[in-house]
Amino acid sequence: MLSRCPAGGIHRAPFKIDPAYQPDDGIGRFLCSTQPMVSMSLVECGLDVFLQTDMQAIRKKSLALTDLFIELVEACCAEFPLKLVTPRAREFRASARL
């Protein structure tokens, strides 16, 4: 199967200086050129939003999500031999400690 990319798709060894095109054996054969500009612009938007965040709010949310996860695992997986390895006390958990 050939790539529909006009440039011929991605070379098996993209950084090898070789004038003969050798298509990738896997899905990489269907990639074209560089990172699509649309996805790069979405990353930029995501970073713009992140710059507006407050680390204290992120920390608060992180702790709440971990508490909920621990609660749900203990409730739903009590029959399995699971061991909590993160500290139960919030003040001893890492993540975005400030």
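Mentor: Let's start with a term: a disulfide is a pair of cysteine sulfur atoms within 2.5 Å. Searching the whole structure turns up zero disulfides. Cysteine 76 takes part in none, and its nearest cysteine sulfur belongs to cysteine 77, 6.0 Å away. Before we go on, please keep in mind that this is a predicted model, where local features need pLDDT of at least 70, side-chain atom pairs count only at pLDDT 80 or more, and totals for chains, interfaces and linings use all residues. Residues are numbered from 1 along each chain as its sequence is written, and side-chain values use heavy atoms, with hydrogens and water left out.

Trainee: What makes cysteine 76 exposed or buried?

Mentor: Relative accessible area decides: buried means under 20%, exposed over 50%, and partly exposed in between (1.4 Å probe, protein chains only). Cysteine 76 has 54%, therefore it counts as exposed. Cysteine 77 has 24%, therefore it is partly exposed. Across the protein, buried residues make up 11% of the 98 residues.

Trainee: Why is the pairing of arginine 90 and aspartate 67 called a salt bridge?

Mentor: The term asks for a side-chain nitrogen of Lys or Arg within 4 Å of a carboxyl oxygen of Asp or Glu. Here the N to O distance is 2.6 Å, so the pair qualifies. Arginine 90 sits in the segment after helix H2 (55-76) and aspartate 67 in helix H2, 23 residues apart, which links distant parts of the chain. As background, side chains of opposite charge can pair when their charged atoms come close.

Trainee: How many salt bridges are there in the whole structure?

Mentor: The search finds three. In another of them, arginine 93 meets aspartate 67, again with closest N and O atoms 2.6 Å apart. Arginine 93 lies in the segment after H2 and aspartate 67 in helix H2, so this pair ties together parts 26 residues apart in sequence. Glutamate 74 and arginine 88 also form a salt bridge, at 2.6 Å, N to O. Through shared partners, salt bridges join Asp67, Arg90 and Arg93 into one network.

Trainee: Which of these residues are buried, and which partly exposed?

Mentor: Arginine 93 has 5% relative accessibility, therefore it counts as buried. Arginine 90 at 35% is partly exposed, as is aspartate 67 at 26%.

Trainee: What does arginine 93 touch, and how do you know that these are contacts?

Mentor: Contact means heavy atoms within 4.5 Å. Leaving aside neighbours within four places in sequence, arginine 93 is in contact with Arg59, Leu63, Thr66, Asp67, Ile70, Thr86, Pro87 and Arg88. Its side chain also makes a polar contact with the side chain of aspartate 67 at 2.6 Å. A polar contact is a pair of N or O atoms within 3.5 Å; within protein, one must be able to donate a hydrogen and the other to accept it, and residues adjacent in sequence count only if both atoms are side-chain atoms.

Trainee: What makes Phe50, Leu51 and Met55 a patch?

Mentor: Patches are made of residues with over 30% relative accessible area and no salt bridge; like charges are joined within 9 Å, nonpolar side chains (Val, Leu, Ile, Met, Phe, Trp, Tyr) within 5 Å. Methionine 55 lies in helix H2, and its 34% passes the accessibility cut-off because that asks for over 30%. The three residues form a nonpolar surface patch with about 320 Å² of accessible area together, an area from the Shrake-Rupley method with a 1.4 Å probe, where for residues only the protein chains shown count as cover.

Methods
Helices (H or I, at least four residues) and strands (E, at least two) are DSSP runs, numbered from the N terminus.
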